[in-house]
Amino acid sequence: MLTEKRRRIILDLLDKEDTVHLKDLMEALQASESTIRRDLSLLEEEGTLIRIHGGAKRVYSKEFEPTTKEKERSNRREKECIGRYAASLVTKGETIYMDAGTTTLRMIPHLEGKDVTVITNGVQQAHLLADYGIKTVLLGGQVKVETSAVIGTLAQNQLREYFFKKAFLGMNGVDLSYGYTTPDEEEAQIKKIAISKSNHAYVLADSSKFAKVSLCKVADFHQVTMVTNTTKEQADLRYRMAGSIRLVEMDA
């Protein structure tokens with residue numbers, strides 16, 4: 001089989017499975033272990049995957065990032081439970097940071113009446129916060145069309161001027177080896193600044209984010225607290241030991 005065809009098949013398999021094992025690739029491609037390892041090394045150099053023990057894992061770049069509308073349709077029940085719990089962590093009168101994203105959006109109805117101030121880079125967040133009469137500061141800068149997130153140097157510099165009690169962040173990838181990741185370098189930088197300017201940072205992650213790695217690293221497990229729902233994968237002891245986790249019980 002031609003080299004290019006083998007590598008295309010490897011990437012096709014990763015699109016379907018996220019993770020592939022060396023033995024499975026050898027069988028599917030009818031190639032030797034050394035040949036497959038060589039293919040994986042070259043694909044890793046191109047930034048399309050990362051090698052792990054006994055196989056490889058897909059790297060999600062900007063091209064693979066779903067739009068806000070696509071994200072909105074997925075895991076709605078999980079996001080609602082996580083968002084409601086995250087809002088319960090906010091106390092009256094606090095100033096918080098709220099990241100752009102469909103899970104942080106679920107926090108907003110549950111913040112009504114708490115007399116909080118919310119700093120956000122989310123255009124949708126700002127609109128909904130205003131609808132609920134919540135004091136809001138929307139960062140200025142370039143709006144990323146796919147996620148309705150404000151990004152860029154202007155937003156970064158403005159964010160550095162603030163301090164807040166808590167930061168609530170969305171994330172595209174949660175992985176034991178690579179921590180918290182997101183596809184866009186500009187959004188990753190905003191998230192990093194938000195973590196550094198908060199007393200306590202929370203990542204809101206539903207089950208679809210686990211065992212995924214995106215292009216840009218945001219934080220290690222010990223830097224933030226993850227708020228997630230209780231599924232078999234999230235309850236895995238390895239994730240609990242890697243960092244602080246708040247497990248949210250799903251509604252019956």
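Predicted model: local features only at pLDDT ≥ 70, side-chain atom pairs only at ≥ 80, totals over all residues.
Residues are numbered from 1 along each chain as its sequence is written, and side-chain values use heavy atoms, leaving out hydrogens and water.

The residues tucked away in H6 (residues 123-131) are Gln125, Ala126 and Leu129, buried meaning under 20% relative accessible area and exposed over 50%, with partly exposed in between (1.4 Å probe, protein chains only). Down the helix axis they fall within an arc of 100°, so they line one face of H6; the arc is taken over directions from the helix axis to the C-beta atoms. His127 and Asp131, on the other side of H6, are exposed. Just after the helix comes Gly133, with a positive phi of about 70°.

As for the cores, the largest nonpolar one has 28 residues, and Tyr97, Leu139 and Met226 are among those with the most contacts inside it. Such a core is a set of buried Ala, Val, Leu, Ile, Met, Phe, Trp, Tyr and Cys residues joined through side-chain atoms within 4.5 Å. Its largest share, 5 residues, comes from H8. Leaving aside neighbours within four places in sequence, Met226 is in contact (heavy atoms within 4.5 Å) with residues including Val174, Tyr180, Phe210 and Arg246.

How values were computed
Helix = DSSP H or I, 4+ residues; strand = E, 2+ residues; numbered from the N terminus.
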